[in-house]
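Please have the sequence and the structure in view while reading.

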Amino acid sequence: IGPTWFNLFGSEVELSDGSVVIADEAFISESILNPQAKIVKGFENQQMIPYTLTDDEIAGIIAYIKTLK
């Protein structure tokens with residue numbers, strides 16, 4: 001189980017290295033394409049595979065995540 005998408009977009013996300021990022025389009029896109037680039041704190045042992053999606057597919061996922069409030 002990974003981090004929730006509920007209220008994700010625009011929120012601060014703490015990473016396993018202690019840094020904090022904003023869950024914006026760039027972070028979400030990077031997390032889909034390269035899930036090991038920035039690991040969310042508490043999910044260090046999760047094995048996510050990278051996905052190959054088109055820009056339009058990623059934009060659609062991000063648009064959906066934005067609606068989850």
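Predicted model: local features only at pLDDT ≥ 70, side-chain atom pairs only at ≥ 80, totals over all residues.

Glu25 belongs to helix α1 and Lys66 to helix α2, so the pair ties together parts that are 41 residues apart in sequence. Helix α1 covers residues 25-33 and helix α2 covers residues 55-67.

Both partners are partly exposed: Glu25 has a relative accessible area of 37%, and Lys66 has a relative accessibility of 35%.

## The other salt bridges

The structure has three salt bridges. Side chains of opposite charge can pair when their charged atoms come close. In one of the bridges, Glu14 pairs with Lys41, and their closest N and O atoms are 3.5 Å apart. This pair also links distant parts of the chain, 27 residues apart: Glu14 sits in strand β1 (residues 12-14), and Lys41 in the loop between α1 and α2. Glu14 is partly exposed at 36% relative accessible area, and Lys41 is partly exposed at 48%.

Lys38 and Glu30 form a salt bridge as well, at 2.8 Å from N to O. Here too the residues are partly exposed, with relative accessible areas of 33% for Lys38 and 28% for Glu30.

## The nonpolar core

Which residues make up the largest nonpolar core? This core has 12 residues: Leu8, Val13, Leu15, Val21, Ala23, Phe27, Ile28, Ile32, Val40, Ile58, Ile62 and Ile65. Helices α1 and α2 are the elements that each give two or more residues to this core.

Val13 is one of the core residues. Setting aside neighbours within four places in sequence, Val13 is in contact with Leu8, Ser19, Val20, Val21, Ala23, Phe27 and Val40.

## A nonpolar patch on the surface

Met48, Ile49 and Tyr51 form a nonpolar patch on the surface, and together they have about 330 Å² of accessible area. Met48 lies in the loop between α1 and α2, and Tyr51 is in the loop between α1 and α2 too. Met48 is partly exposed, with 46% relative accessible area, while Tyr51 counts as partly exposed at 43%.

Not counting residues up to four places away in sequence, Tyr51 touches Ile32 and Leu33. Ile32 is also listed in the largest nonpolar core. Between the C-alpha atoms of Tyr51 and Lys69 the separation is 25 Å, and these residues are 18 residues apart along the chain.

Conventions:
Residues numbered from 1 in each chain as written. Heavy atoms only, no water. Patch = residues over 30% accessible without salt bridge, like charges linked within 9 Å, V, L, I, M, F, W, Y side chains within 5 Å. Areas by Shrake-Rupley, 256 points an atom, 1.4 Å probe, with all protein chains shown as cover. Salt bridge = Lys/Arg side-chain N within 4 Å of Asp/Glu carboxyl O. Helix = DSSP H or I, 4+ residues; strand = E, 2+ residues; numbered from the N terminus. Buried < 20%, exposed > 50% of the residue type's maximum accessible area, 1.4 Å probe, protein only. Contact = heavy atoms within 4.5 Å. Core = buried A, V, L, I, M, F, W, Y, C linked by side-chain atoms within 4.5 Å.
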